[in-house]
Amino acid sequence: MARCVTCGSTTELFVSGVAQCEACLDKAAEAVPPGAERICRILKNDIVVAKNRAKAASAEFDLVTKESPSGLPHPDGVLRVRIASRAYAQARQDLQIAIRRLNGFVVNNTIPDDLA
Ligand SMILES: [Zn+2]
């Protein structure tokens, strides 16, 4: 007979090849907040959306900066570079927030207020 990896009691139960007793399995199931799958799906999707936005903002920034390859950029060009730069910085920040939210949920079961 095998021993539960969590509490060490004897068990015949294996989950993904790991010995676990029924009591520990129940406790693990209770620890998962209700609607966890839905929340996880939303948070993962938020990361995909944020990644795509950062990618698009990066491409826009590259495009805008390449439009004035030599000499002084047109005054309007400076503004466009500034706007593209700000949009890219914001998109990167949003991506970091999305990653932090998913990590918080997966590691600490922290449900973001807007998804609770
Ligand atoms: Zn156990």
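User: Which residues of helix 3 are buried in this predicted model?
Analyst: This is a predicted model, in which local features need pLDDT of at least 70, side-chain atom pairs count only at pLDDT 80 or more, and totals for chains, interfaces and linings use all residues. Residues are numbered from 1 along each chain as its sequence is written. A residue is buried if 20 or more other C-beta atoms, placed from the backbone, lie within 10 Å of its own, exposed if 12 or fewer, and partly exposed in between. In helix 3, the buried residues are Y88, A91, A98, R101 and F105.

User: What covers the buried residues of helix 3?
Analyst: Helices are DSSP runs of H or I with at least four residues, numbered from the N terminus. Two residues are in contact if their C-beta atoms, placed from the backbone, lie within 7 Å. The cover over the buried residues of helix 3 includes helix 2.

User: Which residues of helix 2 are buried, and what covers them?
Analyst: In helix 2, the buried residues are L43, A54, A57, F61 and V64. Their cover includes helix 3.

User: How are helix 2 and helix 3 oriented to each other?
Analyst: Axes are lines fitted to C-alpha atoms, for helices over the stretch in contact, and angles run from 0 to 180 degrees between N-to-C directions. The axes of helix 2 and helix 3 (residues 75–108) come within 8 Å and cross at roughly 160°. Angles under 35 degrees count as roughly parallel, over 145 as roughly antiparallel, 65 to 115 as roughly perpendicular and the rest as oblique. Helix 2 and helix 3 are therefore roughly antiparallel.

User: How do the residues of the contact of helix 2 with helix 3 divide into nonpolar, polar and charged?
Analyst: Ala, Val, Leu, Ile, Met, Phe, Trp, Tyr, Cys and Pro count as nonpolar, Asp, Glu, Lys and Arg as charged, and the others, Gly among them, as polar. For the contact of helix 2 with helix 3, the division is 19 nonpolar, three polar and nine charged.

User: Which residues does A54 touch, not counting those up to four places away in sequence?
Analyst: A54 lies in helix 2. It counts as buried because it has 21 C-beta neighbours inside 10 Å. Beyond four places in sequence, A54 touches A91, R92 and L95.

User: Is K51 buried, exposed or partly exposed?
Analyst: K51 lies in helix 2 (residues 36–66). Its C-alpha atom is separated by 8.0 Å from that of R92, 41 residues apart along the chain. Because K51 has 15 C-beta neighbours inside 10 Å, it counts as partly exposed.

User: What distance separates the end C-alpha atoms of helix 2?
Analyst: The expected span of a helix is 1.5 Å times one less than its number of residues. With 31 residues, helix 2 should therefore span 45 Å, and its end C-alpha atoms agree with this at 45 Å.

Conventions. Helix = DSSP H or I, 4+ residues; strand = E, 2+ residues; numbered from the N terminus.
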